[in-house]
Amino acid sequence: MKRHLLSMNDLDRQDILAILDTAESMHDVQRREVKKLPTLRGRTVVNMFFEDSTRTRSSFEIAGKWLSADVINISGKGSSTSKGESLRDTVRVVTAMGVDGLVIRHGASGAAHQVAQWVDVVVINAGDGLHEHPTQALLDAYTMRQRLGDLEGRQVAIVGDLTHSRVLRSNLICLKTLGAHVTVVAPPTLMPAGIATWAKSEGFDTSYDLDAVLPTVDAVMMLRVQRERMSGGFFPTTREYTVGYGLTRERLNALQEHTVICHPGPMNRGLEIAADAADAAQSLILDQVSAGVAVRMSVLYHLFAGEGTVA
Amino acid sequence: MSLLIKGADIAGAGRQDVLVRDGVVAEIGSLGGAGAARGTETIDADGLVVLPGLVDLHTHLREPGREDAETIASGSAAAAIGGYTAILAMANTTPVTDTAEAAERVLDLGRLAGLVDVQPVGAVTKGLVGEELAELGLMARSRAQVRVFSDDGRCVHDARVMRRALEYVKAFGGVVSQHAQDPKLADHHACCHEGELSGRLGLPGWPGVAEEVVIARDVMLARHTGSRVHIAHVSTAGSVEVIRWAKAQGIAVTAEVTPHHLMLTTDLLAGYDPTFKVNPPLRPGEDVEALRAALADGTIDAVATDHAPHARHDKEHAFVDAAFGVLGLETAFSVVSDVMVGSGLLDWAGVAQVMSMRPARIAGLSGHGRPIAVGEPANLTLVDPSATVTVDRDASKSLSRNNPWHGRRLTGMVHATLLRGRATVLKGALA
Amino acid sequence: MSSDDVSRALRRVAHEILERNKGSQDLVVLGIPTRGVALARRLVRVMAEVEGHEVPCGAIDITMHRDDLRRHPIRPVEHTDIPAPGINAKTVVLVDDVLFSGRTVRAAMDALSELGRPQAVRLAVLVDRGHRELPIRADYVGKNLPTSSSERVQVRLAEHDGHDEVRISGGDR
């Protein structure tokens, strides 16, 4: 496995399956009374979050602590740019303290890649701008696999604001590596530039028609839509967005019985997903949250426990 | 003071000796041993080409305000190394060059450094805000004799303001140089050519059309007002089409292209390295091809470096947060030589046009870009067409290191630079 | 050891466990993956024959508790399966194929301590090859095989390898 986890491109099929398999064992640990394993004792991992995210940050923190690692949370907000300190200086100061790894969340695409060039420690991308969120894709795959079994040959729809979604980009790569077929659905204004050639070279489909796609899939992943996108002229009103692209109650009924529903959260109930759909038996949304810690424990194990994983 | 250049190829017109005396070209021909006496310095120019001194329409010298990134002195040194005898210093300093006093200050600092003629560019609008015209007339009348006006860094996006500026500068033969970037189509976050790569990388896209619509508007305004207009750093094939059409209509538009847009492409951004972050962004191969062809056929008049030095800490940020700009003064000639002459798109006479004569004419610099002839000011650049250089960013005279050429091998080097008969650079080093 | 040797040894060990424990009361047999699990199941089958009822059987993975993780590439994690009654107040019999340095058993005891508090922990192994690095001993041994540390002991079991066999290879013998 590669040293860092910056992108889903860093993991091949074998790597992904190893992480998901280990995550199953980690999930068992979560259900025990004593939730601690000694595996990463003596390792120090820093959560450097330049962008707020209570959910992801606490998920990584719990994952590290349940493996007996020392976990430090540093908020990068307001540190570098406002005080004139470059991002490079900011991360090098932290790693100079002798830590073993950085879990980075940043509002700028590519930040994790750049940081990995500047430091000697293991770097995990916990979300960089619009670019990727590898552990999210891994927990999405884990959750879907638990319910659907092997994802090879499965049909998955990803619906919503594709342009601004790092969850999309990581999932596209992850699902492709696992052999699933993806169709992305969005209004034209929410599809990234160049998606036609991108879809062609990566083998996924695009569609503006959610109703045509939904009955054909084994899993539908609804992406969060930000209401602020209205002011950018991406869509006229939330009402119109929901009618065209929301997982409404009617659309919930149009799904096949075995089709599962995912959402990376936080949800806009009533906007991109109806309350009924979020709470339906087919919904994996809470499973996704619970899987987050197990999957992150597995990632931490694979990147920090073995030989040569730390400088 | 005399200087004899022996056996140089005069801009591709043939091998001659050139005697320079008292700041002008005194004799051209086979001068034998005649000049060797009387303590005349001699440059053996066998295998070298002599061009009129290079003129850069577009440089950022950062002084006043960001002397940690560059000063007029260090920028002048870099320019001389690059074969330049005159450079136009853009107005987006701190404070902005939007008054006669500010322009004169830049002029004086340039004279103090004494390595290259530094001609200040005046802002089009006060503070570069884009709303009210700056004191264009006073800047024109000042000792700096400002003729080129630009809000570069920003686009003059208000059509009415642009129209007024185009009209106003007619009074003193001025020209507005437009940084074409519609702020609604490409805002200040936009940093990567909008296309498949920007989609994959999740970087805010900068679509070519944001440049093209502004050029289309401004050539029509120039026609309407009967003015000249100059387009800075043209970067797309679509822009070239608009300019070509406008020239065919007889519209007085001129255009420049940077060395980096002639050679580097958007895929260099795949690693998120801010070294390659520039505005307008690097474009795909199709645009690079169109720009080369346009420079060769005259649709684009000149090469201008848009030399944009930045302190290390301003580049060592996440890509979207890093400063825009690349260095260019020291490498411009080598890039043009490598890309345009090496491929046969331009000959040396063509290089003389795009890097000296036309920029001098656009800027109204009467002492530069002159033909190499007896009686003309001896602003000359001696180049070695076959020398190869592997660019070393740490060898630069600039105070900054944001060099996108580091490690590249280029064919063609500046050997010597003469400013009014005085060698500022000899054998590739400051004299 | 031949295939017959292995069967006989396991049968004897199963009887010894029942004898010492005075029956199968409160016994839980946990195999250490990989081959310890198959051996545990075989022991439990013999016990069922003797006692007439099932003895709880499962597996305890020790990967996360190893003390040598950083010396090797990442190992896949195997499954831990603790049977229904749990291990609190039970007599846990750990089962492994080879007892060597004792570190595996140490890790197993650490793992066990996080799952509950057994009344007692016993160790049953198919082969004890000596060279202990920790103060650990087996309660039940299929066969003592003195070896030199450079030799390799290979255990093959029908469930994994198609046949039963224990063989010593390599070394300066």
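A: In this predicted model, the lining of the second largest cavity has seven nonpolar, five polar and two charged residues. That cavity holds about 60 Å³ of space.

Q: Which residues lie nearest the centre of the second largest cavity?
A: They are Pro52(B), Arg370(B), Pro371(B), Pro377(B) and Asn379(B), out of 14 residues in the lining.

Q: What makes a residue part of the lining of the largest cavity, and which residues are closest to its centre?
A: A lining residue has an atom within 4 Å of a cavity point. For the largest cavity 16 residues qualify, and those closest to its centre are Val29(A), Arg32(A), Asp61(C), Met64(C) and Thr80(C). The list holds residues of chain A and of chain C. Helix 1 (residues 13-30) of chain A gives the most to this lining, four residues. By class, the lining comprises eight nonpolar, three polar and five charged residues.

Q: How do you know which chains are in contact?
A: Contact requires heavy atoms within 4.5 Å. Two pairs of chains are in contact, and chains A and B share the most contacts. On the chain A side 24 residues take part, and on the chain B side 19 residues. Chain A also meets chain C, with 19 residues of chain A in contact with 16 residues of chain C. No contact joins chain B and chain C, and their closest C-alpha atoms lie 28 Å apart.

Q: Why is the pair Arg88(A) and Glu316(B) called a salt bridge?
A: The rule asks for a side-chain nitrogen of Lys or Arg within 4 Å of a carboxyl oxygen of Asp or Glu. Arg88(A) and Glu316(B) have an N to O distance of 3.6 Å, so the pair meets the rule. Across the interface of chain A and chain B there are two salt bridges.

Q: How many residue pairs are in polar contact across the interface of chain A and chain B?
A: Eleven residue pairs are, both residues of a pair being at pLDDT 80 or more. The area buried between chain A and chain B is about 1600 Å², with 56% from carbon and sulfur atoms.

Q: How many salt bridges and polar contacts does the interface of chain A and chain C have?
A: The rule finds zero salt bridges there, and three residue pairs are in polar contact. Helix 1 and helix 13 (285-304) of chain A give two or more residues to the side that touches chain C. Helix 1 has the largest share, five residues. The side comprises seven nonpolar, five polar and seven charged residues.

Conventions
Residues are numbered from 1 along each chain as its sequence is written. Chains are lettered from A and ligands numbered from 1 in the order in which they are written. This is a predicted model: local features need pLDDT of at least 70, side-chain atom pairs count only at pLDDT 80 or more; totals for chains, interfaces and linings use all residues. Side-chain values use heavy atoms; hydrogens and water are left out. Buried area is the accessible area (1.4 Å probe) that two parts lose on being put together, summed over both. A polar contact is a pair of N or O atoms within 3.5 Å; within protein, one must be able to donate a hydrogen and the other to accept it, and residues adjacent in sequence count only if both atoms are side-chain atoms. On a 1 Å grid over the protein atoms alone, a cavity is a set of points where a 1.4 Å probe fits but cannot get out, and a pocket is an open set with protein on both sides within 12 Å along at least five of seven lines; lining residues have an atom within 4 Å of a point. Ala, Val, Leu, Ile, Met, Phe, Trp, Tyr, Cys and Pro count as nonpolar, Asp, Glu, Lys and Arg as charged, and the others, Gly among them, as polar. Grid points are joined across faces, edges and corners, and a volume is the space filled by probe spheres set on the points.
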